[in-house]
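User: I would like to go through a protein model step by step. Please show it, and then I will ask about parts of it.

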Amino acid sequence: MQSPLPVRDGVNATRLRLPEEGPWETAMDYMMHRWGHIDPQGIEDRFDAGEIVGEGGIPLDRATPLQEHTFIWYYRTLPPETRLPVELSILHQDHHLLVVDKPHFLPTTPGGTYIQESALVRLRNQLDLPDLIPMHRLDRMTAGVLLFSTNPQTRGKYQVLFEKRQVQKEYECVSAAEPAPGHPAVDFPVVVRNRMTKSRSYLLAEVVDGEPNAETRIERLETFDGGAPASTGGTGVTGTGAIGTAQRLARYRLEPHTGKTHQLRVHMASLGLGIVNDAFYPDLLDKAPDDYARPLQLLARGIRFVDPISGKPVEYRSSLELSEAVRARP
């Protein structure tokens, strides 16, 4: 449903569905019930200023009956945010698309404690593009190529590509060169297929029995032995836990054929090859402040498709590098 309020400060207005009935006579009574304990004066001021609107952008006042509108829109009061010490870089921009390199630690869209400090809001404000919308998402901890639509008139053509899986994505990660103890050896390249679902645990996904709904092709590109790349046929890791200087690492190419939440992280962990600096898989670690010196070693390296406007194949590649791979080079 299209918001009758424009984007402000890079952020969309919030939509609220009003109940059809209840002990509240007015829309303001209901909002007081929901949020009056936080800022009752602020709610009254917004109604008095006409800053809360219904369908068609009609301003509500203190006496607007609850049943008069199904949805209302308003602007949230944004809390102050400390700017994250990471930067976006633009790879491509035209009348239809914006392609950027998203850094580690920056979320794609607003949510939770990150609103202004999201790729979407930063770019809307930086480029004065209030209609900017992401075509897909990357986890906050994942870096790499991210596509945005800049044109509402052509947005649907690109959305169809993603819906029909006509977009090919390529990722890279750094992990142990050989599986952890208790996991069988892997003959690369390998295709991992299983059924994934969101866990009842916060933000986690898990593998369950059933018809596969997630698929990833995994290829080992190179191994790092003693701080320098070695051949891809080296011996394995003998321990688990945090990555140390004596542990052999490898760089992998990941090609997902589906797009489940945390799919690549789960599939690597299922092979005993949990991605370096992953705080979720294979083991959920205690929440800790972001360590910008130890980003998750997962990068959206490239994305390619046939552009629906030009009809020509296009490919966009990240200019970023995984820090563990860079560190291992001579």
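User: How do the residues of the lining of the second largest pocket divide into nonpolar, polar and charged?

Analyst: Keep in mind throughout that this is a predicted model. The second largest pocket has a volume of about 370 Å³. Its lining is made up of 14 residues, and Gln2, Ser3, Val7, Asn12 and Ile133 are the ones nearest its centre. By class, the lining residues are eight nonpolar, three polar and three charged.

User: Why do the buried residues of helix H2 line one face of the helix?

Analyst: Helix H2 covers residues 40-48, and its buried residues are Gly42, Ile43, Arg46 and Phe47. An α-helix has 3.6 residues a turn, so residues three or four places apart point the same way. Seen down the axis of H2, the buried residues therefore line one face, as they fall within an arc of 135 degrees.

User: Which helix and which strand do the buried residues of H2 pack against?

Analyst: The residues in question are Gly42, Ile43, Arg46 and Phe47. Their packing partners are helix H1 (27-35) and strand E2 (71-74).

User: Is Asn151 buried or exposed?

Analyst: Asn151 sits in the loop between strand E6 (143-149) and helix H4 (155-163). Leaving aside residues up to four places away in sequence, Asn151 touches His95 and His96. The cut-off for buried is under 20% relative accessible area. Asn151 has 6% relative accessibility, so this residue counts as buried.

User: What is omega for the cis peptide bond that joins Phe188 and Pro189?

Analyst: Most peptide bonds are trans. Pro189 belongs to the loop between strand E7 (168-176) and strand E8 (190-198). The bond joining Phe188 and Pro189 is cis, with an omega of about -5 degrees.

User: Which residue does a cis peptide bond join to Pro282?

Analyst: Pro282 is in the loop between helix H5 (263-270) and strand E13 (298-306). Omega is about 5 degrees for the cis bond there, and the residue joined to Pro282 is Tyr281.

User: What is the phi of Phe105?

Analyst: Most residues other than glycine have a negative phi. Phe105 lies in the loop between strand E4 (97-102) and helix H3 (119-127). With a relative accessible area of 4%, Phe105 is buried. Its phi is positive, near 85 degrees.

User: What is the relative accessible area of His262?

Analyst: His262 is found in the loop between strand E12 (249-256) and H5. Although not a glycine, His262 has a positive phi of about 60 degrees. His262 is buried, and its relative accessible area is 10%.

Notes: Residues numbered from 1 in each chain as written. Predicted model: local features only at pLDDT ≥ 70, side-chain atom pairs only at ≥ 80, totals over all residues. Heavy atoms only, no water. 1 Å grid on protein atoms, 1.4 Å probe; cavity = no way out; pocket = protein on both sides within 12 Å on 5 of 7 lines; lining within 4 Å. Points joined across faces, edges and corners; volume = space filled by probe spheres on them. Nonpolar A, V, L, I, M, F, W, Y, C, P; charged D, E, K, R; others polar. Buried < 20%, exposed > 50% of the residue type's maximum accessible area, 1.4 Å probe, protein only. Helix = DSSP H or I, 4+ residues; strand = E, 2+ residues; numbered from the N terminus. Arc of directions from axis to C-beta. Contact = heavy atoms within 4.5 Å.
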